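Let's take a walk through this structure together. Keep the sequence and the 3D view side by side as you read.

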Amino acid sequence: MSDAVVATETADTALAAPAVHTSRFHVRRLPDAPLGAEILGLGDAADLSDADIAAIRHAWLAHDGLLVFRDVPFTPEAQVRFSRRFGPLQVHVLNQFHLTGHPEILVVSNVVESGKPIGLGDAGRDWHSDLSYKPLPSLGSMLLTRELPEEGGDTLFANMVRAYETLPADLKRIIEGRRAVHSYVYRYERLRALSTWRAPLTQAQRDAVPPVDHPVVRTHPETRKRALFVNEGFTSHILGLPEDESTSVLEALFAHSIRADNVYTHRWRAGDMLFWDNRSTIHFAPGCPDAYRRTLHRTTIEGDVPV
């Protein structure tokens with residue numbers, strides 16, 4: 001047996017699963033949450049074996065695609081290196097907010113230095129799945145805290161497998177087999193109208209993110225579970241439906257997905273790093289008061305074509 005002991009619970013039984021121990025870290029279900037688990041004792045992760053990574057990935061899937069790593073001491077180099085253990089990394093189109101020397105890291109921050117923002121200050125201000133607007137949407141994202149505000153700054157997550165499973169039968173019938181358009185520009189222009197953080201996109205940036213369409217319901221490639229794959233951030237409309245019906249159906253799907261019993265609110269601690277599955281969750285960051293500084297670093301792992 002490897003030093004890493006893979007957790008024995010399945011995705012179907014994870015809600016009732018006991019805490020899991022490995023020789024390297026401890027996995028514990030988040031109490032009273034519709035998804036997620038904590039991982040304690042990861043350390044700097046420099047010497048994690050392939051078996052350790054497999055154990056982390058198993059825990060991630062078994063706990064519905066959300067892990068909270070506590071007390072992570074990662075440098076930017078270590079975050080990039082650890083993220084790459086799960087797949088190729090994607091570089092965000094807003095290159096002005098890449099961490100210097102590390103284009104794989106998007107800086108999420110409300111800090112302004114010398115009159116210029118150091119990061120994207122309004123990131124996450126609507127419910128979304130990272131990079132759902134790409135032909136190969138993200139497998140998952142890792143977000144590591146660097147500077148926390150004294151108040152606010154929570155991140156909320158919704159379980160989109162559970163959202164689909166609890167969907168009313170009439171809505172399931174309407175969306176079965178349908179596809180929806182996802183557009184980065186659609187979201188960006190709406191947020192720009194409400195925010196001082198977003199300069200106009202350059203033509204090169206627009207050209208880099210043309211609209212794509214994906215199934216409204218996708219089958220998770222690892223768990224084989226079905227999940228809603230629409231979000232208010234990037235999904236503009238459902239193909240084949242009249243505009244008013246598309247809007248009505250999407251609004252119903254969005255509202256159903258974020259019911260209180262389907263949402264976990266993460267209150268950040270120093271040293272936290274979150275790893276979430278963009279194939280089966282959506283998330284939202286309401287922000288914090290302008291008087292408080294907030295900075296985090298995000299890496300994004302490439303996924304595959306939704307089916």
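Start with Tyr133, which is buried at a relative accessible area of 2%; here buried means under 20% relative accessible area, exposed over 50% and partly exposed in between, using a 1.4 Å probe and protein chains only. Before going on, a word on what you're looking at: this is a predicted model, in which local features need pLDDT of at least 70, side-chain atom pairs count only at pLDDT 80 or more, and totals for chains, interfaces and linings use all residues. Residues are numbered from 1 along each chain as its sequence is written, and side-chain values use heavy atoms, with hydrogens and water left out.

Now look for the partner of Tyr133. Aromatic pairs are counted for rings of Phe, Tyr and Trp (its six-membered ring) whose centres lie within 6.5 Å, with planes under 30 degrees apart called stacked, over 60 edge-to-face and the rest tilted. By this rule the model has 11 aromatic pairs. In one of them, the rings of Tyr133 and Tyr184 have centres 4.8 Å apart and planes at 50°, so this pair is tilted. Tyr184 is buried too, with a relative accessible area of 2%. Tyr133 lies in the loop between β9 (116-117) and β10, while Tyr184 lies in helix α5 (residues 184-192), so the pair ties together parts that are 51 residues apart in sequence. The helix and strand labels are DSSP runs numbered from the N terminus: helices are H or I with at least four residues, strands are E with at least two.

Leaving aside neighbours within four places in sequence, Val209 is in contact with Val93, Tyr133, Tyr184 and Val185, where contact means heavy atoms within 4.5 Å. You'll find Val209 in the loop between α6 (203-208) and β13 (212-215), and it is buried, with a relative accessible area of 4%. The C-alpha atoms of Val209 and His92 are separated by 10 Å, although these residues are 117 residues apart along the chain.

Next come the nonpolar cores. In soluble globular proteins, nonpolar side chains tend to be buried together. A nonpolar core here is a set of buried Ala, Val, Leu, Ile, Met, Phe, Trp, Tyr and Cys residues joined through side-chain atoms within 4.5 Å. Which members of the largest nonpolar core touch the most other members? Of its 31 residues, they are Leu42, Ile56, Leu67, Phe69, Phe74 and Phe82. The elements giving two or more residues to this core are β3 (37-40), α1 (50-62), β4 (66-69), α2 (76-84), β7 (102-109), β10 (138-147) and β18 (273-277). Among these, α1 gives the most, with 6 residues.

Zoom in on Leu67: not counting residues up to four places away in sequence, Leu67 touches Ala37, Ile39, Ile56, Ala59, Trp60, Met273, Leu274 and Phe275. There is also a second, separate core of 27 residues, which includes Leu94, Val185, Leu201 and Tyr264. As for the aromatic rings, Trp60, Phe69, Phe74, Phe82, Phe86 and Phe275 form one cluster.

Grid points are joined across faces, edges and corners, and a volume is the space filled by probe spheres set on the points. The structure holds 4 cavities of 30 Å³ or more, and the largest cavity has a volume of about 240 Å³. Of the 22 residues lining the largest cavity, Ala123, Gly124, His128, Asp130 and Arg298 are the closest to its centre. The largest pocket has a volume of about 190 Å³, and its lining includes Gln96, Phe97, His98, Trp197 and Arg198.

Finally, visit two loop residues. Leu131, in the loop between β9 and β10, counts as buried at 3% relative accessibility. Asp290, in the loop between β19 (281-284) and β20, counts as exposed at 79% relative accessibility.

Technical notes. On a 1 Å grid over the protein atoms alone, a cavity is a set of points where a 1.4 Å probe fits but cannot get out, and a pocket is an open set with protein on both sides within 12 Å along at least five of seven lines; lining residues have an atom within 4 Å of a point.
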